[in-house]
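Reader: Before I set up any calculation, I would like to go through this structure with you step by step. Could we look at the sequence and the coordinates together?

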Amino acid sequence: MKRSPYLIALGVLLFLVGVLWTLQGLGVVGGSAMSGVTLWAVIGPVVALGGIALALWPRRRP
């Protein structure tokens with residue numbers, strides 16, 4: 001099963017955004033309204049895991 005390069009790129013982008021949101025939520029990365037807000041420390045890993053799943057999940061064809 002061949003994966004679309006666009007889905008892989010989108011998955012990688014979602015992973016990176018999720019990591020950034022996690023770091024902002026934990027207060028490691030400052031300078032935004034998201035810094036130090038626990039909500040983003042929870043949402044970030046969920047988005048990052050979704051990105052990994054999207055990038056690695058094979059596309060099924062009937």
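Reader: How many helices and how many strands does the secondary structure of the protein hold?

Author: The model is a predicted one, which should be kept in mind throughout. Its secondary structure contains no strands, and the count of helices comes to two.

Reader: What is the radius of gyration of the protein, and how does that value stand against the globule rule?

Author: For 62 residues the globule rule gives 11 Å, and the value for this protein is well over that, so the chain is more spread out than a compact globule.

Reader: What percentage of the accessible surface of the protein belongs to carbon and sulfur atoms?

Author: Buried residues account for 19% of the 62 residues in the protein. The accessible surface comes to about 4500 Å², and the part of it that belongs to carbon and sulfur atoms is 74%.

Reader: Which element gives the largest share of the nonpolar patch?

Author: A nonpolar patch on the surface, with about 950 Å² of accessible area together, includes I8, V12, F15, L49 and I52 among its residues. Two elements give two or more residues to this patch, namely α1 (5-25) and α2 (38-56). The largest share amounts to six residues, and the element that supplies them is α1.

Reader: Is V12 buried, partly exposed or exposed?

Author: V12 has its place in helix α1, and this residue is also one of those that form the nonpolar patch. Because buried means under 20% relative accessible area and exposed means over 50%, the 40% found for V12 makes this residue partly exposed.

Reader: Which residues does T22 touch, not counting residues up to four places away in sequence?

Author: T22 lies in helix α1 and counts as buried, with a relative accessibility of 17%. The C-alpha atoms of T22 and A9, 13 residues apart along the chain, are separated by 20 Å. With residues up to four places away in sequence left out, the residues that T22 touches are W40, A41, G44 and P45.

Reader: With which residue does the side chain of Q24 make a polar contact?

Author: Q24 is found in helix α1, where its relative accessibility of 10% makes it count as buried. Beyond four places in sequence, Q24 touches V29, S32, M34, S35, G36 and V37. The polar contact, at 3.4 Å, joins the side chain of Q24 to the side chain of S32.

Reader: Leaving aside neighbours within four places in sequence, with which residues is V47 in contact?

Author: V47 lies in helix α2, and its C-alpha atom is separated by 15 Å from that of M34, 13 residues apart along the chain. Once neighbours within four places in sequence are set aside, the contacts of V47 are with L14, G18 and W21.

Technical notes: Residues numbered from 1 in each chain as written. Predicted model: local features only at pLDDT ≥ 70, side-chain atom pairs only at ≥ 80, totals over all residues. Heavy atoms only, no water. Helix = DSSP H or I, 4+ residues; strand = E, 2+ residues; numbered from the N terminus. Rg over C-alpha atoms; globule rule 2.2 N^0.38 Å. Buried < 20%, exposed > 50% of the residue type's maximum accessible area, 1.4 Å probe, protein only. Areas by Shrake-Rupley, 256 points an atom, 1.4 Å probe, with all protein chains shown as cover. Patch = residues over 30% accessible without salt bridge, like charges linked within 9 Å, V, L, I, M, F, W, Y side chains within 5 Å. Salt bridge = Lys/Arg side-chain N within 4 Å of Asp/Glu carboxyl O. Contact = heavy atoms within 4.5 Å. Polar contact = N/O pair within 3.5 Å; in protein donor to acceptor, adjacent residues only side chain to side chain.
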